[in-house]
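Subject: Structure handover

Hello,

Here is the structure for your files. My notes on it follow below.

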Amino acid sequence: MPDTVFLPSRIEVTRLIPVPSAEIFDILRSPAGHVAIDASGMLQDFTGQPAEKVGDTFVIHMDRESLNDVPLGKYDVTVHIILFQRNTEIAWDLGPDVPVRHFYGYRLNAVEDEVTNVTSYYDWSMVTGDLRERFPIVPESALRATLGILERTARRGDLSPGVSG
């Protein structure tokens, strides 16, 4: 399986993580998990509970200064779960409040009971017009680093997914 896939409007990065898929999924469905594993530096804090199904939402408190690209400063986004297949795949977008249609997600393939192949993906294929030139906002290196932080977080088991900030 390829380590990184670059498509015209999508990036996929894969890493083998020696943790069961259910434990990894619990981190990925949690707003605390999103903040804990973020390598971009933009995700600062959260409000809300872990997702249980498509349509669930939680708020992530952001700081765009971490990317030093657009002077947005601190702001909030609402994560809208658009795909939820427990222990297999989760994806989200920023819903109707952000008219720029891009989404993020993770696919989990259990290789063995204690090992999971995790693919992080970022897709901006529905972005049109002048905004398309700004993509990808989050580079491949940040997706890759996030998978490393995900492994560390999952192996330590130091995240309480039910805690809200």
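Is F25 buried or exposed? F25 is buried, with a relative accessible area of 0% (buried means under 20%, exposed over 50% and partly exposed in between, with a 1.4 Å probe and protein chains only).

Before the rest, two notes on the basis. This is a predicted model, so local features need pLDDT of at least 70 and side-chain atom pairs count only at pLDDT 80 or more, while totals for chains, interfaces and linings use all residues. Residues are numbered from 1 along each chain as its sequence is written, and side-chain values use heavy atoms, with hydrogens and water left out.

Aromatic pairs

There are 8 aromatic pairs in the structure (rings of Phe, Tyr and Trp, the last by its six-membered ring, with centres within 6.5 Å; planes under 30 degrees apart are stacked, over 60 edge-to-face and the rest tilted). F25 belongs to helix α1 (residues 21–28) and F84 to strand β5 (residues 74–85), so the pair ties together parts 59 residues apart in sequence. Helices (H or I, at least four residues) and strands (E, at least two) are DSSP runs, numbered from the N terminus. F84 is buried as well, at a relative accessible area of 14%.

F103 and Y121 also pair edge-to-face, at 6.4 Å centre to centre and 80° between the planes. Here strand β7 (residues 103–112) holds F103 and strand β8 (residues 115–123) holds Y121, so parts 18 residues apart in sequence are tied together. Both F103 and Y121 are buried. R10 lies over the face of Y121, 4.4 Å from the ring centre (the criterion is NZ of Lys or CZ of Arg within 6 Å of the centre and within 35 degrees of the ring normal).

Ring pairs also join W92, Y104, Y106, Y122, W124 and F135 into a cluster.

S21

S21 lies in helix α1 and is buried, with a relative accessible area of 15%. Apart from neighbours within four places in sequence, S21 is in contact (heavy atoms within 4.5 Å) with N87, L108, A110 and T116.

Regards
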